[in-house]
Amino acid sequence: MKCNNSGKERVPDFLTKTGEFLLDLIYPRRCPVCDDALPFRGHLICTTCAEKLVPVREPRCRKCGRMLSFDTDEYCRDCVTVSHTFDRCISAFVYNDPMQESVFRFKYGNRREYVQFFAQAISEMYKNEIMDLKAEALIPVPLHKNRQEKRGFNQAEILAFKLSDMLGIPVRNDLLIRVKDTEPQKMLSREERRKNLKKAFQLSLCDVKLKRVIVIDDIYTTGSTLDEIAFLLKGAGVREVYGLTLCSGTPL
Ligand SMILES: [Zn+2]
Ligand SMILES: [Zn+2]
């Protein structure tokens, strides 16, 4: 018998559809906002829930990508006072209550499936803007190995891989290591965050050989994580370091 490894043989459509139908029965896809089972695979979010998420629209901060309240402003109140090491960040959604709950379940409730909706929404809203950055790689913010073992996955990494499938930009998750198991940043001030992250990451290569990269993370708060990573990458020869985050909170 001839072995065919070309990968060109396609599974007939009706089998895929039956497979998806069975998968729906066993593991129904859940809405990232209300967490209810969705009727069938074509839907990634309930129609009513989609309205609860707020995409980041203009006017946006030219540095961190956060939504601004006034048309006349160019930067948010953080970015007028803080000088960032990263070049610019794109953030897809406002970190409002429904988004906060969604991200919480995504990370701590093992709702990895939400990533399909998150990546698709980011790609639909910002594909052109992301492609204009001409990045050679997507770099997910790494978790410390203890935390990754406990959680079972890295949310930034699965988001990066899903975006990579949609945008055709490769993922490089081999460049950065998180060497410090940092305290959760939620309750920390800007200065405490900066200290907490000092020497939290290391590069696994001295010469990164990439000119433009996009760092992927779930939430943008003060930009300390992005700055710390941009500092390392720029020290290893990367010229432009951008950020792409699922959501952004209001300035601290
Ligand atoms: Zn819903
Ligand atoms: Zn800003």
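Predicted model: local features only at pLDDT ≥ 70, side-chain atom pairs only at ≥ 80, totals over all residues.
A helix axis here is a line fitted to the C-alpha atoms over the stretch in contact, and the angle between two axes runs from 0 to 180 degrees between their N-to-C directions. The axes of helix α3 (residues 97–108) and α4 cross at roughly 130 degrees and come within 10 Å of each other. Angles over 145 degrees would count as roughly antiparallel and 65 to 115 as roughly perpendicular, and α3 and α4 are therefore oblique to each other. On the α3 side, the residues that meet the partner helix are Met 99, Ser 102, Arg 105 and Phe 106, while α4 brings Tyr 114, Val 115 and Phe 118. Sorted by class, this contact has five nonpolar residues, one polar and one charged.

Helix α4 also packs against another helix. Running over residues 114–132, α4 lies against α6 (residues 155–167) at an angle of about 55 degrees, and their axes are 9 Å apart. This pair, too, is therefore oblique, and its crossing is right-handed. From α4, the contact draws on Val 115, Gln 116, Phe 118, Ala 119, Gln 120, Ile 122, Ser 123, Lys 127, Ile 130 and Met 131; from α6 come Ile 158, Leu 159, Lys 162, Leu 163, Met 166 and Leu 167. Split by class, the residues in this contact of α4 with α6 come out as 11 nonpolar, three polar and two charged.

The crossing of α7 and α8 is right-handed. Arg 190, Arg 193, Arg 194 and Leu 197 make the contact from α7, and Ser 224, Thr 225 and Glu 228 make it from α8. The class tally for α7 with α8 is one nonpolar, two polar and four charged residues.

Now for the metals. The zinc ion (ligand 1) is held by the SG atoms of Cys 31, Cys 34, Cys 46 and Cys 49, which lie 2.3 Å from it. The angles among these four donor atoms are 101 to 119 degrees, and the site is tetrahedral. Read along the sequence, its donor residues follow the spacing C-x2-C-x11-C-x2-C. Distant parts of the chain are linked here: Cys 31 belongs to the loop between α1 (13–26) and α2 (47–50), whereas Cys 49, 18 residues apart from it, sits in helix α2.

The zinc ion (ligand 2) is coordinated at 2.3 Å by the SG atoms of Cys 61, Cys 64, Cys 76 and Cys 79. Its four donor atoms subtend angles of 103 to 119 degrees, which makes the arrangement tetrahedral. Along the chain, the donors of the zinc ion (ligand 2) are spaced C-x2-C-x11-C-x2-C.

In the loop between α1 and α2, Asp 35 has a phi near 70 degrees, which is a positive value in a residue other than glycine. Pro 59, for its part, is found in the loop between α2 and β1 (88–94). The peptide bond leading from Glu 58 into Pro 59 is cis, with omega near -5 degrees.

Key:
Residues numbered from 1 in each chain as written. Chains lettered and ligands numbered in written order. Heavy atoms only, no water. Helix = DSSP H or I, 4+ residues; strand = E, 2+ residues; numbered from the N terminus. Parallel < 35°, antiparallel > 145°, perpendicular 65-115°, else oblique. Left-handed = near helix turned anticlockwise from the far one by under 90°. Contact = heavy atoms within 4.5 Å. Nonpolar A, V, L, I, M, F, W, Y, C, P; charged D, E, K, R; others polar. Donors = N, O, S within 2.8 Å, 3.2 Å for Na, K, Ca; no water. Tetrahedral: all angles 85-135°; square planar, octahedral: opposite > 155°, others 65-115°.
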